[in-house]
Amino acid sequence: GEDPAEVARRELVEEAGLQAGRVEFLTEIYPSPGMTDSVTSIFLATDCTPTDPDRHGPEEDFMEVLHVPLADAIDMVLDQRITDSKTVTGLLLTERRLRTADGV
């Protein structure tokens, strides 16, 4: 029942140690249609500032956060180093949104 944008803000702090200045909705995807009615909301966070991560649980305690330029991340999608559907979707839509915002 939480607002998805607020969940995105909280998860960004928990997992990446970043506070978003702005959160913009990009899309919703259905990661496993026909298997579950689960929906994943994807947001673009901008104007981020570092903050202490608020990690909960072993999966977050042992993860490594990598900061990768967007162009490099797109290359990683195209050469299949990134194949997770929500990540691919988020990166491609982010690249499109930022390119459109720059008037390109």
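Which residues make up the largest nonpolar core? Some notes on that, and on the helix behind much of it.

1. Ground rules. This is a predicted model, where local features need pLDDT of at least 70, side-chain atom pairs count only at pLDDT 80 or more, and totals for chains, interfaces and linings use all residues. Numbering runs from 1 along each chain as its sequence is written, and side-chain values use heavy atoms, with hydrogens and water left out.

2. The main core. Six residues form the largest nonpolar core: Ala73, Ile74, Val77, Ile82, Val88 and Leu91. (A core here is a set of buried Ala, Val, Leu, Ile, Met, Phe, Trp, Tyr and Cys residues joined through side-chain atoms within 4.5 Å; buried is under 20% relative accessible area, exposed over 50%, partly exposed in between, with a 1.4 Å probe and protein chains only.) Helices H3 (70-78) and H4 (85-101) each give two or more residues to this core, and H3 has the largest share, three residues. (Helices are DSSP runs of H or I, at least four residues, and strands are E runs of at least two, numbered from the N terminus.)

3. Val88. Leaving aside residues up to four places away in sequence, Val88 touches Val77, Ile82 and Thr83 (contact: heavy atoms within 4.5 Å). Apart from this core lies another, of five residues, including Ala5, Leu18, Ala20 and Val23.

4. H3 up close. Ala73, Ile74 and Val77 are the buried residues of H3. Down the H3 axis they fall within an arc of 100°, so they line one face of the helix (the arc is taken over directions from the helix axis to the C-beta atoms). H4 is part of what covers them. On the other side of H3, Ala71 and Leu78 are exposed.
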